[in-house]
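Please read these notes with the model open beside you.

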Amino acid sequence: MKQTISFVTLGVADLKQSRRFYQALGWQESSGSQEEVAFFQVGSIAFALFGRESLADDANISSEGSSFPGFSLAHNVASEQDVDTTLLEAVSAGGKLIRSGEKAAWGGFRGYFADPDGFLWEVCFNPFFPLDQHGFVQLPK
């Protein structure tokens with residue numbers, strides 16, 4: 001697994017309120033945002049706001065109790081095959097497979113693993129957000 005973080009995604013209670021907050025701070029939303037998710041380019045990584053329940057559902061875990069930290073880190077890769085390869089690497093290194101690589105409803109391919117402390121990592125191929133020559137996500141303006 002390449003040593004990069006592509007996204008930090010917060011699972012928020014009220015997406016509209018969180019959007020207004022970050023916009024009030026002067027953050028510019030990417031045109032790649034949608035009604036159910038907000039994206040912001042923050043240097044070499046991307047920052048996302050997603051409903052808490054939706055984020056837990058995307059990882060295929062329960063949002064109840066202390067097993068869900070309310071955020072995930074993402075590692076974007078160049079292909080669907082790279083998703084599966086990276087998930088295997090994470091499990092071989094001692095991580096726990098949470099969700100196998102599979103097509104996502106929005107058109108990408110993703111899976112999840114947890115590190116030894118239970119922090120969620122999404123491994124994602126997103127054909128709509130290309131990687132630059134360094135492997136960093138490039139959100140549309």
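1. T9 lies in strand β1. Helices (H or I, at least four residues) and strands (E, at least two) are DSSP runs, numbered from the N terminus. T9 counts as buried because its relative accessibility is 8%. Buried means under 20% relative accessible area, exposed means over 50%, and partly exposed is in between (1.4 Å probe, protein chains only). Leaving aside neighbours within four places in sequence, T9 is in contact with A48, F50, L55, G70, F71 and S72. Contact means heavy atoms within 4.5 Å.

2. A word on the source: this is a predicted model, in which local features need pLDDT of at least 70 and side-chain atom pairs count only at pLDDT 80 or more, while totals for chains, interfaces and linings use all residues. Residues are numbered from 1 along each chain as its sequence is written, and side-chain values use heavy atoms, with hydrogens and water left out.

3. In what order do the seven strands of the open sheet run? The order is β2-β3-β1-β4-β7-β6-β5, and the pairing is mixed. The edge strands, each pairing on one side only, are β2 (37–42) and β5 (96–103). Two strands pair if DSSP finds at least two bridges between them. On average, neighbouring strands of this sheet are turned by 20° against each other, direction ignored. Axes are lines fitted to C-alpha atoms, for helices over the stretch in contact, and angles run from 0 to 180 degrees between N-to-C directions.

4. Two pairs of strands show both senses of pairing. β2 and β3 pair in the antiparallel sense over six bridges, and the bridge partner of Q41 in β3 is A46. These two strands form a hairpin with two residues between them. In the turn, G43 has a positive phi of about 70°. By contrast, strand β4 (residues 71–76) and strand β7 (residues 120–125) pair in the parallel sense over four bridges. Here the bridge partner of A74 in β7 is E122.

5. Helix α2 (residues 52–59) packs on the sheet. The helix touches β1 (7–12), β3 (45–51), β4, β5, β6 (109–114) and β7, and its direction makes about 105° with that of β3. Which residues of α2 are buried? They are L55, A56, D58 and A59. These residues lie on the same side of α2, because they cover an arc of only 160° around the axis. The arc is that of the directions from the helix axis to the C-beta atoms. The buried residues of α2 pack against β1, β3, β4, β5, β6 and β7. The face turned away from the buried side of α2 carries the exposed residues E53 and D57.

6. N60 follows α2 and sits in the loop between α2 and β4. Its phi is near 65°, a positive value in a residue other than glycine. N60 counts as exposed because its relative accessibility is 52%.

7. Helix α1 (residues 15–24) can be read in the same manner. Its buried residues are L15, S18, R19 and Y22. They cover an arc of only 105° around the axis, so they are on the same side of α1. An α-helix has 3.6 residues a turn, so residues three or four places apart point the same way. The buried residues of α1 pack against β1, β2 and β3. On the other side of α1, K16, R20 and A24 are exposed.

8. What is found at the two ends of α1? At the start, a side-chain oxygen of D14 reaches to within 3.2 Å of the backbone nitrogen of K16. Just after α1, G26 takes a positive phi of about 95°.

9. G135 lies in the segment after β7. With a relative accessible area of 14%, G135 is buried. How far apart are G135 and K2 in sequence and in space? They are 133 residues apart in sequence and 8.7 Å apart in space, C-alpha to C-alpha.

10. The domain assignment of the protein chain gives domain 1 (1–60) and domain 2 (68–140). Such bounds come from an automatic or database domain assignment. The centres of domain 1 and domain 2, taken over C-alpha atoms, are separated by 15 Å. Across the two, 25 residues of domain 1 are in contact with 27 residues of domain 2.

Note on methods
A polar contact is a pair of N or O atoms within 3.5 Å; within protein, one must be able to donate a hydrogen and the other to accept it, and residues adjacent in sequence count only if both atoms are side-chain atoms.
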